[in-house]
Amino acid sequence: AVVSTQSTGSLQRRRERYSIIHMWKMRNGMAPNDVARFYAQGRLGIRAEVPTSATGAQTSASTKFYESFAVNGARLWNCLPKTVNMAEDLDSFKVLLGQWMDQFPDNPPVRGYQRTNSNSIIDWVKESTVQRGK
């Protein structure tokens, strides 16, 4: 067996990558889609509608809702630049996604150490957007 020397990243990063790839497959009819609605957004490319929860829901139900694939998948998808989310085929999408994700640090949480953010791509994109805006 051939062993890859390429880093696979943290479990969190691999999970987020898989979620984004699954969103691409749903958008392109390669996987069943019962959770995401996609729409064109001009200069941003294709965006996913992020579902909203019913107001007044219990905290535990609200937390589960915001951690669901329907919400997290859409939020992760909406972080992608147009050059990535408009990829025509799965192989080129995976390459572009990998190149884009590699620009963000992958610092998974370590017990006993303080961290700057949750290490989610969503947080890293927010941070990079804020820094560019300064």
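Reader: How much of the protein is buried?
Author: Buried residues make up 31% of the 134 residues, where buried means under 20% relative accessible area, exposed over 50%, and partly exposed in between (1.4 Å probe, protein chains only). This is a predicted model, in which local features need pLDDT of at least 70 and side-chain atom pairs count only at pLDDT 80 or more, while totals for chains, interfaces and linings use all residues. Residues are numbered from 1 along each chain as its sequence is written, and side-chain values use heavy atoms, with hydrogens and water left out.

Reader: Thanks! What does the pLDDT average in the protein?
Author: The average is 88, and 85% of the residues score at least 70; pLDDT is the predictor's confidence in each residue, from 0 to 100. Confidence is lowest in helix 2 (residues 59–66), with a mean of 75, and highest in helix 5, at 97.

Reader: Which elements does the chain have, and in what order do they run?
Author: There are six helices and two strands, running α-β-β-α-α-α-α-α from the N terminus. Both kinds are DSSP runs numbered from the N terminus: helices are H or I with at least four residues, strands are E with at least two.

Reader: Nice. Which residues have the most contacts inside the largest nonpolar core?
Author: Those are Trp77, Leu80, Phe93, Leu97, Trp100 and Ile121, in a core of 26 residues. A nonpolar core is a set of buried Ala, Val, Leu, Ile, Met, Phe, Trp, Tyr and Cys residues joined through side-chain atoms within 4.5 Å. Two or more residues each come from helix 1 (11–27), strand 2 (46–48), helix 3 (69–77), helix 5 (90–101) and helix 6 (121–133).

Reader: Let's zoom in on Leu97. What is it in contact with?
Author: Leaving aside neighbours within four places in sequence, Leu97 is in contact with Arg17, Ile20, Ile21, Leu80 and Val84; contact means heavy atoms within 4.5 Å. Leu97 lies in helix 5 and is buried, at a relative accessible area of 0%.

Reader: And Leu80, what does that one touch?
Author: With neighbours within four places again set aside, Leu80 is in contact with Ile20, Arg47, Asn85, Phe93, Leu97 and Trp100.

Reader: Switching to charges: how many salt bridges does the structure hold?
Author: One. The side chains of Arg37 and Glu49 meet in it, at 3.8 Å from N to O. Arg37 is in the loop between helix 1 and strand 1 (38–40) and Glu49 in the loop between strand 2 and helix 2, so the pair ties together parts 12 residues apart in sequence. A salt bridge is a side-chain nitrogen of Lys or Arg within 4 Å of a carboxyl oxygen of Asp or Glu.

Reader: Is Arg37 buried or exposed?
Author: Arg37 counts as exposed, at 58% relative accessibility, while Glu49 is partly exposed, at 38%.

Reader: Last one: where is Ser10?
Author: Ser10 is in the segment before helix 1, and is buried, with a relative accessible area of 10%. Not counting residues up to four places away in sequence, Ser10 touches Asp106, Pro108 and Asn119.
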